[in-house]
Structure formats: structure tokens, C-alpha cells
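Subject: Structure handover

Hello,

Here is the structure I promised to pass on. Please open it first, then read my notes below.

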Amino acid sequence: MTLDAYVLIAGFMFCIGLYGVLTRRNAIGILVSVELMVNAANINLAAFAHFGRGIDGQVLVLFTTALTVAEVVVGLALVLLLFRRRKDILVDLANGLKG
Amino acid sequence: MTPSTLALLSLFVPLGAAVLLGLLGPLRRTGRPAAFVSVAGALVALAGAVAILAGGDAALKPGAHLVWGWLSAGPATAVGIHVDGTSAWMLLVVTLVATCVQIYSLGYLHDEPPAALGRYFTYQSLFLFAMNTLVLAPNLLQAFLGWELVGLVSYLLIGFYFRKPSAAKAAVKAFWVTKFADLGFLIGLVTLYAKTGAFEWTAVTPVAGFVTLMLFFAVMGKSAQFPLHIWLPDAMEGPTPVSALLHAATMVAAGVFLIVRAEPLFAQAPMTREIMAYVGGFTALFAACIAVVQTDIKKVLAYSTCSQLGYMVTALGAGDTFAGYFHLSTHAFFKALLFLGAGSLIHAVHSNELKDMGGLFKKMPFSGAVFIIGAVALAGVPPFAGFFSKDLILEAVEHHHLYVPLAALAIAAFLTAFYMTRTVMMALFGAPSHAAEHAHEPGIDMKLPLGVLALLAIVAGFGGSWLAGLTGHEYAFHFTLVGGAGTAIGLLGIATGFWMFGPAQGGAPIKRGMAPVGVFIRYGLMDRLSTVAYGLMLAVGAIIAWIDRYVIDGVMNWSGWILLVGGRRLRGLQTGNVQDYVYAVALGIVVLGAWGILR
């Protein structure tokens, strides 16, 4: 497979993730979509590392994976708090910061 | 010590006394000890003023000028002291009268509670500082500071009996009217600064006419010239020594002093001077008319003060600065004497009304005698102090061909002699009233200042040529036709007063034929004209208030309204929906990408 294929797949995944973030009402669905976007970026990093020189990209992938774990933990904690307070996790109804 | 050091001493020792009494509440509330602190401060200030003059006029001729930078706006905004003949003599007059008044107050306010007495003397010390700030001012900016400070102290002292509604009202009225006039001072200062970049009274500028006109407007308020005289009679609500110091001898003369000080500016404005001559002449006549029908001894003296200030302003309007300044000095002595003498009579009978007095000369020969000395000095009888200065003013006005003001002054001279005779006859001679039966002389603390001032009222007139030399003018007394006529008119006034109110009438005034005149003066001049003057002031105030409310406040309110409405519109962008924000981010990326590619 060529580098173009990897980048295309990654771009495709990123768009799916973005679409999910913008359209899902369910907070967990949004988190899953965010994971898709992050992993699209990871695929890019790994592909560039493979076709380019050095292991910089692979090191960065490890970093982002660790970061994503932390992000998911915080995100799920927020979702839990939201559920406790509102008995649902529909983000379009949680608009308390409306100006 | 140099004149500058002595002047600083005279300036700051009273301030020290005021701060000490102001900050140390327990000391202030002790009453008499607090009073002694204040009197000591005044004595030091007086000693400083005497020492400056005793040092000879060699040091005063060039004038000691000592200034410090004040605001960061530059050298124009300096404060300091300027000691020359004019300010040194004025400093002596102010500190001398203030010392006399403070010592007199020890006896006069003996029955006041200690806390009130302490408050009174705190204000007295503050007044001395404020007045000296004005007198020693090196430029018009500091003069303005002193000007406003004496206005404040005047308000505080008129309202000394603040539990009395009429006193509180009079204090507010005095503050309003003088503050209204002070607008003129401020406008004048701003104009002067805009044109010359400084606040010097020696400035040569094409706008001198406007600046001096504005300054004269402030003088009309402070020195009680028609139509802004309306606050002065009400100011008599204050204790009598306050009336003597502030509202007769020194503070009201500050306006005259300002014109003397700013002589170089006024010399460039013949138009302003002409207006001054007419306003002063009218005030002299108008106030003298009203004084004739007053029944309250302090009101007689208050209108008399208005009238005499009118004399000074007319003299300055005629361009003879020295005549105005000389009359300011002699008037300070004999009018303070009259007020303190009246205070002594009031103290004895516990009433301001002339009808409650009568026959007091027998009971109080000393107070009666000094009051008569003050009265003849005011009436312009030779060789008392008022004779010389009034003579000089009439001569100066005649010399400059200002015949209408001259006629007004001549009639006022007659009326002055007349109403003083009337007052003396009604208060000191004739049948004693019930209250006057038990009158007795005051103590030594009140007699001493009366004696000093009486001496000055007799001899001050002879110091004319010395004072002229000190302030750089030429003056030697010589007999002139107009001066002699003025004196004759004064003696005629005394004779008329004697005829109408003298022993032949048993103290009862002649009513025949004079009643309509009294009614005209009382209702026509006093009530109607004063109401019109007050109404005019309120109307101008209303216009300024309208501009403030709808133009200045309007701009502020309008800009606030713009922000409010704009904010209300823009808050719609904050939907609170997290996905809308992500949309904005995504859109931002697209725009940035497009910009990056198409750039």
C-alpha cells in the first residue's frame, strides 16, 4: 500500500468522526466520534513514520494514545456527572451556558 | 529671617493648629485649651506678618518669590508664596483682625459647650490658613485654591449654629451663590491658561478683557456686589465675631484684593473697569438704601459692608488700585470694630434688634465709645480712617470722569452717615428697653481687641503715604473740592440722622412723610430686586443643570445604551450548545485552509 492510501483512509476516518461529533445527540456517541478523529491522526503519524525516516511519528502515536486515555477518563466523568444531574446525556439539551 | 521664611511661618502655623485640633478629637473637645492653641497660632502668624514689615521695604520692593512645582502639568501649575508690599500688608491686616477676633471670641462664645468652642476655633485656624494661601498666592491658580478654601470655611462658620434651621439655610445659600460666581473664576482661569499656557496675573494677552470680566463675576459673588449680594445679609446667622472677620474685614475683601493683585490684567481691559465702576457705584447706593431701614443691628452693618465694598470696586473700576486697596485696609479695621462693638451690645442684651437696645451708652461706656469711633470712621468724619480712603476714592472717580458712579457714591456717603447715626442713636441713646436695663460691660478679653481696633480706626488713615510707598504708588493727602464735598455730605448725613433720631425726638424716629420711602426701600429694593436677582441665579443654574443632565449625561447614557443593546444582540451567538461551538471550529478550519491555499 502506498502512503496516499493511508492518508486517504485517515482523512475518511477523520470526516466520519467530525460528522459524528457534529450530529450525535448522545454524549457517549460524541466521545466515540472524537476517538475516531484522534485515531485518524494516529494512522497518519504511523504512516509518515513508516514511509519517512526515524521513529518520531511512532513515539508521537504512543503519546497521543496516552493522552486520549486521559481525555476519555475526563470525558466519561463529565458524562456521568451530567447523567446524575439531568437523568439523560443528550448534549443539545444541556445548554445551561446559553447567553 | 527672610521675608519668605516669615511668610511661610504665617502660612503654616495656623494650618498646624487647624490640623492639630482637627485630628486630635479629645483636645478639640476640651474647648478653652483648644482655643488657646488656635489663638497661639494666630499670634505667631501675626508676629510673622509684623516682622516682614518691620524688616523694611527694601526686601519687599522686588518681592520675594518662592514656588514649588505642583501638578505634573509643568511649571505653570506652581504653588508657593509671593511676598511684596501688597501681600505683606494684606497679610498683616488679615492676621491682625483674625487675632483680635479670636481673642474676642474667647469672651463672646464663653457659654458655648466645650466641643462647639473647639470646633469653632478649628475653623478659625483653618480660615487663617486659607486666607493666607490666597493673600500670598504667587499666581492665579493658588489664588483660586485659597478662594475656594475661604468659601468652604465661610460655609462652615455661617452654619456654626447648624441646629438652627435658618443658620443651616443661610450657610447653604452663601455656598451656592458664591460657588455660582466662582464658575466665572474657573472659566477665566481656563481661558487664560488656554491662551498663555500659565496662570500669571502679569500675562499680556488679547483675551484679558474676557478673563477679567470672568474674574470680576467671581468677585461679584465673593465681595457681594449686586446682584450676587444676596448671600451676605443671610450670612449674619453666624456668630458675630465670624461676621466681623469673614463677612466684613477679610474674606469679602478677598474679591477686592484679587482685583488689586491682578492689576496688570485689569489694566488691559478698560471695558471691564467701566463695568466695575458702574456695578460698584450701584451696589454702594443700593445697599446703603437698604441699610437705612434695617431693624437688626447686624443687618445694618452687613448692608453697610456691601455698600463699602461697592466703593472699593468703583475705585478699582476707575483704575485707581491704591484707592481701593487703601479703603480695603481702613474698612477692615473700622468695620471689624463696628461688628465686634455690635457683638458686645448683642452679648449684653441677647438680641440683635435695635428696639431691644437703647440707652446702652450709660451702661456700657467703653463699648459705646468704640462703636461710635467705628461709626464716625465709617461716616468719613475727619480725621478718622474712613475719611482719608473715602476722600481718595471720590477723588479718583471724579478724576476719571465717571460722573454717574460719583453721584451714586455721593448719595451713598450721605446715607452711610445717616444710617450709622440712626443706629448709634437707637442703640446707645434714648430710652433703654427692658433687656437693656441689666446690660453690663464685657470682660477684658473682649475689651482688648476692641481697644486695638478702635486705635487703628483712628490712626490708620494717616498711614496712607507709607502704605502707598510700600505698594509702589504715589499718595499724599491734599484737599480737593470733591473730597471736601464728600465730607460735607457725610456731616450733613450725620446732622439729618441726629435730627430724625436724636435726643430731640426721644429716640423715636420721625415718621411723617418718610413712610412711603421706607416702604419703597423695604419692598421695592429689598424684596423685589433681591428676589429677581435670586431668580436670575436660579435660572442660569437651571440652564447649566439642563446641559449637565441632557448633554453631558446624555452622551454617557447614550454610549451606555449602545453597549447594552449591542450586547443583547450579540449574546445570541452564545447558544450554550456544545456542538454549535464545534461547528464554529470546523468552519474556522475550512476558512483558514481556504485562506492558506488561495493566498
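Helices (H or I, at least four residues) and strands (E, at least two) are DSSP runs, numbered from the N terminus. The expected span of a helix is 1.5 Å times one less than its number of residues.

This is a predicted model, where local features need pLDDT of at least 70, side-chain atom pairs count only at pLDDT 80 or more, and totals for chains, interfaces and linings use all residues. Residues are numbered from 1 along each chain as its sequence is written, while chains are lettered from A and ligands numbered from 1 in the order in which they are written.

**Confidence**

The model scores ipTM 0.85 and pTM 0.76. The predictor's confidence in each residue is its pLDDT, from 0 to 100. Chain B has a mean pLDDT of 84, and 94% of its residues reach 70 or more. Within chain B, strand β1 (residues 64-69) has the lowest confidence, at a mean of 78. Helix α24 (residues 578-598) has the highest, at 91.

**Chain A**

Chain A has 3 helices and 0 strands. Its radius of gyration is 17 Å, well over the 13 Å that the globule rule gives for 99 residues, so chain A is more spread out than a compact globule. That radius is taken over C-alpha atoms, and the globule rule is 2.2 Å times the number of residues to the power 0.38. The C-alpha atoms of chain A fill a box of roughly 50 × 25 × 25 Å along the principal axes.

Burial goes by C-beta atoms placed from the backbone: a residue is buried if 20 or more others lie within 10 Å of its own, exposed if 12 or fewer, and partly exposed in between. In chain A, 10% of the 99 residues are buried.

**Chain B**

Chain B comes to 24 helices and 2 strands. Its C-alpha atoms fill a box of roughly 115 × 55 × 50 Å, again along the principal axes. Of its 599 residues, 52% are buried.

Contacts are counted when two residues have C-beta atoms, placed from the backbone, within 7 Å. Take the chain B contacts between residues at least 6 apart in sequence: 82% join residues at least 24 apart.

**The core**

A nonpolar core is a set of buried Ala, Val, Leu, Ile, Met, Phe, Trp, Tyr and Cys residues joined through C-beta atoms within 7 Å. The largest one has 204 residues. B:Val97, B:Ala336, B:Leu337 and B:Ala457 have the most contacts inside it. Helix α15 (residues 321-349) of chain B gives the largest share of this core, 18 residues. Beyond four places away in sequence, B:Val97 touches B:Leu245, B:Ala249, B:Thr250, B:Ala332 and B:Ala336.

Helix α5 (residues 114-135) has 22 residues. From first C-alpha to last it reaches 31 Å, close to the 32 Å expected. α5(B) is mostly covered, with 19 of its 22 residues buried.

Helix α3 (residues 32-54) has 23 residues and reaches 32 Å, close to the 33 Å expected. Its buried residues include B:Ala34, B:Val37, B:Gly41, B:Leu46 and B:Ile52. Their cover includes α1 (3-23), α2 (25-28), β2 (78-83), α4 (85-108) and α5 of chain B. B:Gly56 follows α3(B) and has a positive phi, near 85°.

B:Ser87 is found in helix α4 of chain B. B:Ser87 is buried, with 28 other C-beta atoms within 10 Å. Leaving aside neighbours within four places in sequence, B:Ser87 is in contact with B:His82, B:Val135 and B:Leu136.

**Where the chains meet**

The contact takes 10 residues from chain A and 11 residues from chain B. The chain A side has 5 nonpolar, 3 polar and 2 charged residues. Here Ala, Val, Leu, Ile, Met, Phe, Trp, Tyr, Cys and Pro count as nonpolar, Asp, Glu, Lys and Arg as charged, and the others, Gly among them, as polar.

Most residues other than glycine have a negative phi, and most peptide bonds are trans. Please look at these spots:

- A:Lys87 has a positive phi, near 65°. A:Lys87 lies in the segment after α3 (56-86) of chain A, and is exposed, with 7 other C-beta atoms within 10 Å.
- B:His350 has a positive phi of about 60°. B:His350 is in the loop between α15 and α16 (360-363) of chain B, and is exposed, with 10 other C-beta atoms within 10 Å.
- B:Pro382 and B:Pro383 are joined by a cis peptide bond, with omega about 0°. B:Pro383 sits in the loop between α17 (365-379) and α18 (385-399) of chain B.

Best wishes
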